[in-house]
2 protein chains.
Amino acid sequence: TKSPRKGIEPETFRNAATTMIDYVIKYHKEIGNRQAFPDVEPGFMRDLLPSDAPKAGESWEDVYSDIERVVMRGMTHWNAPGFFAYFPTASSFPGLLADILCGGATCIGFSWVASPSCTEMETVMMDWLAKALDLPQCFIHGGHGPGGGVIQGTASESTLITLIAARSKVIRRELSRDPNLSMYDVLSRMVVYTSNCSHSSVEKAGLLAMIEVRKLDAGREGIVTGKTLQEAIDEDKKNNKIPTFVCATLGTTSCCSYDNVDEIGRICEIEDIWLHIDAAYAGAALICPEFRHIANGIQRATSFNFNPHKWLMVNFDCSALCSYLSNSANVDALYLEHETQQTTIDYRHWQIPLGRRYRSLKVWFVLRMVGIDGLQSHIRRGVAEAKYFESLVRKDERFEIVFPVTLGLVCLKLKRLGLNLEENVINEELNRKIQDDRRIHLVPSTVHGIYFLRVATGSVNCSRQALDNCWDVIREMA
Amino acid sequence: TKSPRKGIEPETFRNAATTMIDYVIKYHKEIGNRQAFPDVEPGFMRDLLPSDAPKAGESWEDVYSDIERVVMRGMTHWNAPGFFAYFPTASSFPGLLADILCGGATCIGFSWVASPSCTEMETVMMDWLAKALDLPQCFIHGGHGPGGGVIQGTASESTLITLIAARSKVIRRELSRDPNLSMYDVLSRMVVYTSNCSHSSVEKAGLLAMIEVRKLDAGREGIVTGKTLQEAIDEDKKNNKIPTFVCATLGTTSCCSYDNVDEIGRICEIEDIWLHIDAAYAGAALICPEFRHIANGIQRATSFNFNPHKWLMVNFDCSALCSYLSNSANVDALYLEHETQQTTIDYRHWQIPLGRRYRSLKVWFVLRMVGIDGLQSHIRRGVAEAKYFESLVRKDERFEIVFPVTLGLVCLKLKRLGLNLEENVINEELNRKIQDDRRIHLVPSTVHGIYFLRVATGSVNCSRQALDNCWDVIREMA
């Protein structure tokens with residue numbers, strides 16, 4: 001037929017898919033030849049594409065030949081060996097295999113009935129993950145109590161949905177204490193606490209939920225302590241505010257520092273505050289026993305989030321949220337009702353969107369085909385790379401390491417030495433030169449007024465050679 | 001190596017991917033043998049899987065052989081010929097091809113710099129879509145003014161993000177008029193208007209944004225008129241409320257009715273209210289000139305959303321939001337800054353999450369390989385199927401068609417005839433029998449107190465034969 005229902009004929013698809021798979025394999029194999037950040041100006045793509053969609057369908061060959069010309073022309077190659085900018089994003093072959101199945105079988109698993117398989121695989125996979133990371137029982141579906149996990153798209157959504165759950169809880173609590181209050185009075189008095197080193201998504205969650213976010217001073221080390229939190233709470237309570245939610249970070253984006261979750265957790269228990277832990281990056285490292293100490297006190301948390309799509313080989317998007325969450329966003333409509341509603345999980349109530357992909361397939365494929373052993377090796381390799389890079393930096397007296405290298409992030413800066421310039425100005429200039437040079441791609445950061453460069457290791461195509469090259473470029477620019 | 005960085009060796013991936021592609025082709029080819037809704041009980045999967053992830057990686061063959069045993073065991077097959085429950089979800093081969101590239105190239109395009117290609121393809125593809133649907137210029141990036149489109153995951157997110165944008169706008173407006181107001185005072189007086197037939201996600205958006213949702217009576221026809229809206233607004237303004245946002249629906253989930261957008265839009269212009277149009281399902285039909293009348297008045301809308309992942313062959317998730325939206329959720333952090341920030345779009349400000357997939361690839365592949373002609377045929381085929389099914393129903397005097405069949409949804413019910421039972425009771429019983437029978441999968445609905453069955457046509461494996469079978473089952477159960 002001229003326009004088959006699936007867009008193209010199965011045989012055309014089979015051939016095209018084989019070509020596409022080969023392209024992906026070749027892309028990774030030869031990625032060493034690609035510049036991490038592209039030489040394009042804003043608006044570049046409009047000149048490369050027609051202004052309208054074609055009337056008649058084009059051939060696969062036409063589309064395929066445009067992948068390099070159009071798509072790759074302006075790609076930031078997150079997997080290029082010269083890419084050290086953001087924490088690495090997962091890119092594994094088992095994850096890709098699962099996504100082919102997920103796309104091919106196409107179910108939208110918003111409720112148990114909409115796809116029992118999709119919902120149940122997710123509950124079991126969240127338990128597999130929680131057990132692999134040795135998380136407390138309270139976060140496991142198969143454990144005791146109401147807790148369990150859910151796959152969100154991103155850590156931002158996990159922060160927002162837990163904040164909204166905390167908001168509901170506090171509104172109910174305050175209205176039960178004083179029924180004359182309006183929920184808007186309560187809302188206007190709520191406060192969220194987080195580090196001034198925490199991710200921008202915490203501030204965004206506060207904006208979206210209309211709750212004041214108080215940023216706590218994390219000091220030179222980028223760590224929020226119990227003392228800092230307690231002082232803020234005491235001050236706010238005196239001012240008739242309602243401490244509602246703490247978002248502590250394990251592995252900050254800026255410098256991979258760890259808030260003191262044990263101290264913070266004790267305070268949250270006493271003050272009846274929801275403690276959410278954002279371990280988007282570092283959480284994956286808990287799969288190795290030797291790194292579990294970074295999550296000391298986690299049993300005091302109300303919810304815990306980490307991103308398998310960062311460092312656990314499950315391709316984006318897959319953000320794992322473990323909590324006591326349930327029904328915080330419950331809205332029913334008849335056309336979604338079903339008889340088993342009471343005894344099953346309907347994950348649509350655990351998230352912002354209604355529709356959801358069968359993302360747990362990726363977790364299943366990766367955990368099975370790579371195994372706990374393989375994932376541990378993957379983490380350890382990324383950490384070893386960071387240690388190696390740290391050793392390179394320490395050999396050069398012009399540079400210093402700014403934060404302890406605990407996982408896969410090295411923060412460094414040029415010392416002022418004899419120069420008649422502010423240290424920050426020197427490092428900003430160094431960063432500018434590196435950006436202009438284009439051989440490597442970094443993103444700088446600032447903690448406690450100190451500007452520094454960040455080198456994130458552990459991406460799928462990282463290697464000692466890539467790190468040597470990176471170091472050569474930094475020294476040359478310095 | 002024992003644990004290669006991408007999980008498995010490239011050659012293993014190549015072979016496994018070929019197998020997976022063949023599986024997907026076979027799945028669709030033989031889907032006629034599959035029951036739309038599975039015979040499983042809640043908790044079925046826990047018995048089929050180990051309680052923990054394996055220590056050592058397993059072979060591809062082991063994982064592959066579990067796809068039927070575990071995954072398909074409890075799948076609701078949205079593409080099975082017996083599935084008429086929800087509006088169909090797209091499942092096209094070009095969409096799948098694009099997802100292989102998206103997964104394989106793995107970039108996270110939260111800002112222009114994070115992947116210029118990802119951002120720019122999205123702006124051009126949103127323009128292609130808007131032009132293909134003949135949407136007003138104000139929704140086009142390449143048009144005049146600040147408008148343009150963005151791909152969201154779901155229509156729920158589109159509703160929420162536009163509501164939040166409207167909330168910010170109204171707070172700014174009210175505080176500029178009276179600086180003594182608190183934003184919580186303003187918030188407490190805001191009202192959202194929507195039909196009592198609109199999707200549950202509108203009510204959920206109101207809950208999440210903490211804004212009262214007033215459901216307007218859509219009457220027997222499921223249509224909100226200007227008169228109904230104006231009366232509600234007048235009453236609310238008398239009570240010192242602030243009408244903030246109207247979510248009108250084109251193609252309701254219940255009965256595929258269309259709010260009177262032209263009348264509603266005129267009122268929103270006069271009253272300075274954000275008008276969002278949820279055309280999640282029906283919007284795709286605008287690609288055919290003969291259906292554009294359903295969106296009469298759309299030029300008065302502030303934002304417009306439709307889901308290419310429903311009826312435009314772009315696999316889930318891909319929800320297209322066109323609006324004047326910008327920076328409603330803007331939060332900056334140094335590590336996301338870049339020099340071109342002022343001249344480029346950073347889509348993270350247009351959505352709830354930070355991270356985002358390269359979803360526009362799917363739109364590009366589908367529009368190019370299927371073409372406007374092919375997509376028009378796809379829509380017309382779904383409509384013809386509904387018309388055909390309507391003709392079957394109309395031949396049987398025991399049944400009646402409850403709502404006009406305009407696109408791909410047929411709403412029907414058994415007449416009471418001489419029976420000594422409430423009509424709703426009869427139809428609820430009919431629905432129960434159909435559910436128990438399992439040959440077809442339907443989801444009922446209720447409008448204005450009338451309970452009815454819904455048959456949604458247009459899925460990739462729908463056909464006249466599938467519709468004949470569906471009708472046979474309904475008649476047999478009746």
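This tour visits several places in a predicted model, one selection at a time.

**The two chains together**

Display chain A and chain B and colour them separately. Their contact takes 158 residues from chain A and 159 residues from chain B. About 13900 Å² is buried between the two chains, and carbon and sulfur atoms give 67% of that area. Side chains of opposite charge can pair when their charged atoms come close. Between chain B and chain A, the count of such salt bridges is twelve. For a salt bridge to inspect, select A:E385 and B:R5, whose side chains meet at 2.7 Å, N to O. Over all chains, the count comes to 82 salt bridges.

**A salt bridge within chain A**

Next, select A:R214 and A:D236. Their side chains form a salt bridge of 2.8 Å, N to O. Which elements does this pair link? A:R214 belongs to strand 3 (residues 212-216) of chain A, whereas A:D236 belongs to helix 8 of chain A; the pair is 22 residues apart and links distant parts of the chain.

**Helix 8 and helix 9 of chain A**

Two packed helices are described by the angle between their axes and the distance between the axes. The crossing of helix 8 and helix 9 of chain A is right-handed.

Now show the side chains where these helices meet. From helix 8 of chain A, select A:G226, A:K227, A:L229, A:Q230, A:I233 and A:K237. Their partners in helix 9 of chain A are A:E263, A:I264, A:I267, A:C268 and A:E271. The residues of this contact comprise five nonpolar, two polar and four charged.

**Backbone details**

The last stops concern the backbone. Most residues other than glycine have a negative phi, and most peptide bonds are trans. Select A:F316 and A:D317: the peptide bond from A:F316 to A:D317 is cis, with omega near 0 degrees. A:D317 is in the loop between helix 10 (308-311) and strand 7 (319-323) of chain A.

Move to chain B and select B:F316 and B:D317, which are joined by a cis peptide bond with omega about 5 degrees. B:D317 lies in the loop between helix 10 (308-311) and strand 7 (319-323) of chain B.

Finally, select B:M210 in the loop between helix 7 (200-209) and strand 3 (212-216) of chain B. B:M210 is not a glycine, yet its phi is positive, at about 60 degrees.

Definitions and conventions. Residues numbered from 1 in each chain as written. Chains lettered and ligands numbered in written order. Predicted model: local features only at pLDDT ≥ 70, side-chain atom pairs only at ≥ 80, totals over all residues. Heavy atoms only, no water. Left-handed = near helix turned anticlockwise from the far one by under 90°. Helix = DSSP H or I, 4+ residues; strand = E, 2+ residues; numbered from the N terminus. Contact = heavy atoms within 4.5 Å. Nonpolar A, V, L, I, M, F, W, Y, C, P; charged D, E, K, R; others polar. Buried area = accessible area lost by both parts, 1.4 Å probe. Salt bridge = Lys/Arg side-chain N within 4 Å of Asp/Glu carboxyl O.
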